[in-house]
Amino acid sequence: MIQGVFQNSVFHLVQDEPASLDLLKSGDKGPVVFESLREDRCFLSEHLDRLFRSIELLQIKLDGSISRKVIQEALSKTLEANTITQPLRVKIQVTTHEFVVLIQPLDPWPESLEVIEYLYHRPHPEVKYDTDHYAKCRKEAKRLNVDELIFVDEDGFIREGSVTNVFLVIEGVLVTPKEQILRGIIREEVVEKALQKGIKVEEREVCRSEVDRADEIFVTNSLRGVVPVKGWGKWQKKSHVVCENLVTLLGLGKSS
């Protein structure tokens, strides 16, 4: 476990046990925005673009010593100090006066997921910032014995997963929600690459009732890539041809 901490205009490395790591928390210091990425499929520029967009949207006034260049250099130093040989999860947290770069082993995920809809609307869905939302969703997914919660609003429209974006394959068309979502890095890659290959994509309102006629469902996430859904309530599928083709097309390999 390696943590890089930028405080008082100085960056230093800490190697310690997970329980003792002092990660930034939203609170007295104001909101904490973050990005999580996978070291071996980085998309670093896209993640930093979204990080600074989140900073702008939440109107966080950064200390003059914190910049995109400084964060990039800190990330490089942290990765150079790494001795972990398995795939890595990299988390960058930023608040007004400091930031943290944390790298740790990537926890495994199932090769296909069981999901369920969950009535929830995430505040500021277009922004990645630390709240207790993520811990609550993990706890609720465990209680419901599923791998991921898919947020559905009061009108029955699908929005996003707790840590994923959602795609349905309906009669050969990729259908994905467009509004009130975090526009995930891998989501954007899937849309772009699919269109380049002549696959029709519809970014629109998607109703929960459409799940029943989907040929495939998959989710996307920067750490996990493109992951097929095997079950959503009564909807169950074992074949994931479109999803597998997209994984190959994007060169993402396995989800964990």
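Cys137 is buried, with a relative accessible area of 5%; buried means under 20% relative accessible area, exposed over 50%, and partly exposed in between, for a 1.4 Å probe and protein chains only. The structure is a predicted model, in which local features need pLDDT of at least 70, side-chain atom pairs count only at pLDDT 80 or more, and totals for chains, interfaces and linings use all residues. Residues are numbered from 1 along each chain as its sequence is written, and side-chain values use heavy atoms, with hydrogens and water left out.

**Overall composition**
- The protein contains 5 helices and 15 strands; helices (H or I, at least four residues) and strands (E, at least two) are DSSP runs, numbered from the N terminus.
- Of the 256 residues in the protein, 49% are buried.
- Among contacts (heavy atoms within 4.5 Å) with a separation of 6 or more, 66% join residues 24 or more positions apart.

**Cysteines**
- Cys207 is partly exposed, at a relative accessible area of 25%.
- A search of the whole structure finds 0 disulfides, a disulfide being a pair of cysteine sulfur atoms within 2.5 Å.

**Helix 1 and helix 2**
- Helix 1 (residues 44–57) packs against helix 2 (residues 68–80) at an angle of about 135°, and their axes are 11 Å apart. Axes are lines fitted to C-alpha atoms, for helices over the stretch in contact, and angles run from 0 to 180 degrees between N-to-C directions.
- This angle makes helix 1 oblique to helix 2, because angles under 35 degrees count as roughly parallel, over 145 as roughly antiparallel, 65 to 115 as roughly perpendicular and the rest as oblique.
- Helix 1 contributes Leu44, Ser45, Leu48, Asp49, Leu51 and Phe52 to the contact, while helix 2 contributes Arg68, Ile71, Gln72 and Leu75.

**Helix 4 and helix 5**
- The axes of helix 4 (residues 185–196) and helix 5 (residues 241–250) come within 11 Å and cross at roughly 95°.
- Helix 4 is therefore roughly perpendicular to helix 5.
- Ile186, Glu189, Val190 and Lys193 of helix 4 meet Leu246, Leu249 and Leu250 of helix 5.

**Val229**
- Val229 lies in strand 14 (residues 225–232) and counts as buried, at 1% relative accessibility.
- Val229 and Val115 are 114 residues apart along the chain, yet their C-alpha atoms are separated by 7.1 Å.
- Not counting residues up to four places away in sequence, Val229 touches Leu113, Val115, Ile217, Phe218, Val219, Trp235 and His240.
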